[in-house]
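Okay, everyone, thanks for coming. Let me put the model up, and then we'll walk through a helix pair, an interface and some symmetry.

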Protein chains: 4
Amino acid sequence: MQFASDNTGPVHPRVMAALAEANEGYAAPYGADPLMDAVRARIRALFEAPEAAVHLVATGTAANALILGCLSQPWQTVFCARHAHIQEDECGAPEFYTGGAKLTLVDGAGGKMDPDALRATIGAEQSRGVHGVQRGPVSITQATEAGTVYSLDELHALTGVARDFGLPVHMDGARFANALVRLGCTPAEMTWKVGIDALSFGGTKNGLMGVEAVVLFDPEKAWEFELRRKRAAHLFSKHRYLSAQMHAYLADDLWLELAARANGAADRLAAALLGRGILPDHAVQANMLFAHWPRVIHQRLHAAGASYYLWSGTLDGDDPDAPLTARLVCDWSTPEDAIDGFAALFDSDA
Amino acid sequence: MQFASDNTGPVHPRVMAALAEANEGYAAPYGADPLMDAVRARIRALFEAPEAAVHLVATGTAANALILGCLSQPWQTVFCARHAHIQEDECGAPEFYTGGAKLTLVDGAGGKMDPDALRATIGAEQSRGVHGVQRGPVSITQATEAGTVYSLDELHALTGVARDFGLPVHMDGARFANALVRLGCTPAEMTWKVGIDALSFGGTKNGLMGVEAVVLFDPEKAWEFELRRKRAAHLFSKHRYLSAQMHAYLADDLWLELAARANGAADRLAAALLGRGILPDHAVQANMLFAHWPRVIHQRLHAAGASYYLWSGTLDGDDPDAPLTARLVCDWSTPEDAIDGFAALFDSDA
Amino acid sequence: MQFASDNTGPVHPRVMAALAEANEGYAAPYGADPLMDAVRARIRALFEAPEAAVHLVATGTAANALILGCLSQPWQTVFCARHAHIQEDECGAPEFYTGGAKLTLVDGAGGKMDPDALRATIGAEQSRGVHGVQRGPVSITQATEAGTVYSLDELHALTGVARDFGLPVHMDGARFANALVRLGCTPAEMTWKVGIDALSFGGTKNGLMGVEAVVLFDPEKAWEFELRRKRAAHLFSKHRYLSAQMHAYLADDLWLELAARANGAADRLAAALLGRGILPDHAVQANMLFAHWPRVIHQRLHAAGASYYLWSGTLDGDDPDAPLTARLVCDWSTPEDAIDGFAALFDSDA
Amino acid sequence: MQFASDNTGPVHPRVMAALAEANEGYAAPYGADPLMDAVRARIRALFEAPEAAVHLVATGTAANALILGCLSQPWQTVFCARHAHIQEDECGAPEFYTGGAKLTLVDGAGGKMDPDALRATIGAEQSRGVHGVQRGPVSITQATEAGTVYSLDELHALTGVARDFGLPVHMDGARFANALVRLGCTPAEMTWKVGIDALSFGGTKNGLMGVEAVVLFDPEKAWEFELRRKRAAHLFSKHRYLSAQMHAYLADDLWLELAARANGAADRLAAALLGRGILPDHAVQANMLFAHWPRVIHQRLHAAGASYYLWSGTLDGDDPDAPLTARLVCDWSTPEDAIDGFAALFDSDA
């Protein structure tokens, strides 16, 4: 009953096999390995973007922060959702990599930015001339930190606001596959066709050991990206082991299969909870859900071996009836019986 | 005949096996995995440093730059050898991670810093009060970029100078094992016992996929290190795969065995060249050597399939007799017949 | 009818005279001038803080940003009011000088931070361990950007929250004198006695040409401050001309006299407007006020030669009745007849 | 007998008068004052550069560091003379303002960069692809820190090297006037006509209180410069007092007159010393000279009230015969009798 995160499960066996296969003989370092050529070609084809610059890094924070470094100036501000990963969970990596840019938070329901709120927020910045920070990129998380997914129309509305102000758009796709599978569209449709300029294309949360692709649909900043990556110590000497993971991820649509499994597990969990009268806080559209129940129930669930994070409140406290919020995350490896067993803990006879 | 670098060879099979073994079930992320507890205990025991803070990162540049960030202030300067990796091969990562500290270069023979030169160089800095940058840490590379190894006495002389000025000392041990095997001393003797405050303990160049340990002998800055690592995007969510590599590396002294093999290969190569009248530029004490021969010979060697970097000059040029400098690096996997075959290319009948 | 800012008026004649007097012969540079010794002694006496470190800079933004650099780490966040000068009017100088710290905005009425909001906001930060930015200093603006003044009790409540979390407290005193005169307390009472650790002691907005004192009540970081100031290019070679201004400012309580004049002018303006039925948006406690009236009136006032900033809205627009907000600032030189003449413009026969 | 620096003397009376004159009534802040319009027009005319962007700051370090920030990327290195002010006397301001760029030192005689050395040094950088820092701007100090002046041919040779590598060129003209007067050429000839892209046009060392102009001959980065200046806290609210100084400086060629006086004083000092058999270390071409004599003489001179810096060695020491190096600087206010009196101290009967 492991629902703590999509970073606690194992690497998919086909990825492990690819690593073993890549471990033969000598290979050129620093991204000059032949597997990287194959990965680049595959991603360009997948995204229908033959000119795109494609690079690999090992963490999602590195992908996000390096891209924001390329898209921002130090005296600008990045627009993102109030609870975006870049705001809350990267210990200031965007500020570090951009040389001290700000993040300006945009409100909206369900973990999303609202287009009108985005327009108003951007409009309010840079009204002070040289005295205030200047408008910088818009960063959209797809799927969001709340487990919701922007529709193509919603993405289009956000990128339209950015375009009106002449601002570039980043997509934090740490859970890109989960969103794509839910929308049933093509990678191109969810990115450059709707106005995304640069993408953090996640793999780590979806069955890899630790690889994210950075896709710059406009390759103009490709060399700057490479210098930033090296300077940030994120260029791997034995790069073939990054390439091998991403290669296996994309082969035979493994990435889509794993995301579909994770989404399906979250759906099953949501349905099981709903059957017990528990309604998630947001629409369950990716691989996680948020829900609340009294502290005393949390304590019982944890005692029974369920593992998940409390998003608000703490297990210990005076009021057993206090409604705490849980975050439950599934990944490709979440067993169905873990879900069913977890849900059964809510039954009166549990 | 692959002598380009110690980052082009394969990962050792026991490390691959450890990764496969670690890939079972769920594990806590971000360094809270049980394997990391074992790694921490093992490194503390190995270094006879029960209080040391031990953390893992994936690249040597990250280890170096994060440590220098902890040991420096932005308005200080780091003292290092003229051709140190932190000066020449990290695209300014130390400057980035320190918030803009300088590097002041110290001369010496054989890729080493000379203690008298270090003393004179440190003395010359900070003579201008608030107007100049201030003295910061001393960074020593062991083994050096020239393939030489500081003796314990030499290390002691350098750290003594640093201590006289009250400066902390970093050791860039990307090839720590190669040096240790050559000196035949203990890890403690080559580090804190001789005055090293913080160590980049390399694994990547010696059979791992991509892991370096950071050892802070004084744990006071451990939490700062963790914040810097996270902020720099070098904290791995699926951390167990770093732990597993380092765990296998240290088990049954694999790390020493691999370094001994690499050193032995370089020794064999040096002997074979010497037998052809070619004297290396420096003492061959780790796993690489530098030597020069005419351009026309380089061209013949490359044509025959030998792979190595030219440290000065280029393959293409007008003068066939121009003496170019080659760098030849061995690792644990370098086959003896590759060495012998390479040397044979120098024979008149080759 | 100049109410645009307290930076558009002339320098007080006694300050000009002091500059002329200082312009005799040779003087040691970089703060070693004898006048600086006198300034340091005077400020220490004034603040009853014999150990305080005292330094001069030429702009308020420099004072704020340098202090925040000393009090923060790059991975921390600074807590300040939503419309603080450091957030809105310094083009990211705090981020630049701190190496990329965040600013976290705290709500409250009348341009102030509310103590409960401060406690809740601080409490919410750093709940994510190494993943989120860490709690840093609290920055209090006195007088506020809204022209209000914290009472000593209000200051005490804010610093108490900071102390509960172990956080240092900065006071942005660009209009320190205006607040002090209003409260009628001593400089010590409004600073270290109520828990302020470091002060930007403004002079520029109150009759000087361009000088602010930085007062570090705990001198531990004095040398770091000097290095940061030099590195930021804010150490003046011909420093005597900064010293001379501050010396004249403090002599014979000129600073208090000028602030009292500016406050009195704002009071007179507020009374004159109130007599015309116009109520300021906030209590008028320093040297400025905010008020709103229809666009058509703004247009008439500007046409008549009145000069002030619109804090919301623009002179040009479709709706003549749209209520726009004006900011009106007085300084020591604001003539009474300018105030009366301005108010008279509201009269029906104007 | 004050020869310590050109920052210890008084401000010229005409500059003081201009400040007093500027202190009338209200003036728009932040560079929007009418005097700044006049300054901009005057500098553009003077430099025959009608498109140039012109801005004022208060310190030479600010001018240099802001310009280098505009001309560099953080992953580049700036090429400058070994003892350039930006290397030795700015406490790392260039590193701070560029976001961590390096400085690479170029050798040459007489405090100058040698063009061949510059070519070799630039050539050696960036030979390591993404692994090393990239080539950035060339910074030329005119007059040099050694009191010498590049001829137009020498400048042309240096800028030619930069142009061959596609690098922009900065001139640190803290003593621009001194050099210009010596060469007897026009400002245009010594700058953009010979390939200078951006100029720190010094005033502080030549009779002003604290003003330097930044001249960007290509105005493309003008807005970026303004944002960097504001973010660095170097935009003055009461800007008219910077404008007034620069305006008076350029009126009636005061700046040239003052530089001619300072140069003349240095010439007189050199001649007087030469008459006593003391040969300066470098050609005396601007307003300072370096010379050496035994410690015992230094002690006698200081005891007699002469004030100057020792550039090597210290007054206190065991060996009375040790030859220490003195730096002697003149400015517009250096009296002839101080020079003559100083020289007379060397006479046997002194």
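Axes here are lines fitted to C-alpha atoms over the stretch in contact, with angles from 0 to 180 degrees between N-to-C directions, and helices are DSSP runs (H or I, at least four residues), numbered from the N terminus. On helix 2 of chain C the contact (heavy atoms within 4.5 Å) includes Leu35(C) and Ile43(C), and on helix 10 of chain C it includes Met246(C) and Leu250(C).

Quick housekeeping: this is a predicted model, where local features need pLDDT of at least 70, side-chain atom pairs need 80 or more, and totals for chains, interfaces and linings use all residues. Residues count from 1 along each chain as written, chains are lettered from A and ligands numbered from 1 in written order, and side-chain values use heavy atoms, without hydrogens or water.

Now, how many salt bridges sit between chain C and chain A? Six, counting a Lys or Arg side-chain nitrogen within 4 Å of an Asp or Glu carboxyl oxygen. Glu88(A) and Arg128(C) form a salt bridge at 3.7 Å, N to O. Each of the two chains puts 17 residues into the contact.

Last, symmetry: a rotation of 180 degrees with 0.0 Å of shift along its axis puts chain A on chain B, RMSD 0.0 Å, superposed by least squares on C-alpha atoms with pLDDT of at least 70 in both. The two copies are therefore related as by a two-fold axis.

Conventions: Helix = DSSP H or I, 4+ residues; strand = E, 2+ residues; numbered from the N terminus.
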